Amino acid sequence: MTYTAPDATMLDAMLNTVKYDASGLIAAIAQQHDTGEVLMIAWMTAEALRETLLTGQVCYYSRSRKKLWRKGETSGQVQHLHEARLDCDADAVLLLVNQIGVACHTGRRSCFYRAFTPTGLVELTKPEIDPAELYHTHGHTHA
């Protein structure tokens, strides 16, 4: 399935139904489109959601950096949008994506890698890639 962006008029009409919080944010859950694996939760501004729906490349808003965060721009671990869904209250989005590589900054496929158990938190998966490799080499050329 290839993502098809809506035209500008339809996009504006759909975005007008979204309810953002007091900070102008909406929660966004990323789920692998074919396996159902929940990958991560992040935040989107209206601008990030618009860009995601227009380009098919997932864009979030980084609260710590206070700027748009195009998933994979520094790590190469991109998310291609297959479908976006708005919840019943219009205050959260579900992004069905094709995750290339890992989604978590810890080097794991999913951010949800710890389970609550009677004996404490249990780590379910190990990193697939060294987190240090995610953010300092991709997209940079060295002289």
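Student: What makes Asp-89 count as partly exposed?

Tutor: Asp-89 has 44% relative accessibility. Buried means under 20% relative accessible area, exposed over 50%, and partly exposed in between (1.4 Å probe, protein chains only). Therefore Asp-89 counts as partly exposed. This is a predicted model, in which local features need pLDDT of at least 70 and side-chain atom pairs count only at pLDDT 80 or more, while totals for chains, interfaces and linings use all residues. Residues are numbered from 1 along each chain as its sequence is written, and side-chain values use heavy atoms, with hydrogens and water left out.

Student: Where does Asp-89 lie?

Tutor: Asp-89 lies in the loop between β5 and β6. Asp-87 lies in that loop too, with β5 spanning 79-86 and β6 spanning 92-99. Strands here are DSSP runs (E, at least two residues), numbered from the N terminus.

Student: Why is Asp-87 called partly exposed?

Tutor: Its relative accessible area is 29%, so Asp-87 is partly exposed.

Student: Which residues does UniProt list for "binding site"?

Tutor: The unreviewed UniProt entry lists Asp-87, Asp-89 and Asp-91. Such annotations may be inferred rather than shown by experiment.

Student: Why is Cys-104 in no disulfide?

Tutor: A disulfide is a pair of cysteine sulfur atoms within 2.5 Å. By this rule the count comes to 0 disulfides. For Cys-104, the nearest cysteine sulfur, that of Cys-111, is 3.8 Å away, so the two are too far apart for a bond.

Student: Is Cys-104 buried or exposed?

Tutor: Cys-104 has a relative accessible area of 3%, so Cys-104 is buried. Cys-111, at 31%, is partly exposed.

Key. Helices (H or I, at least four residues) and strands (E, at least two) are DSSP runs, numbered from the N terminus.
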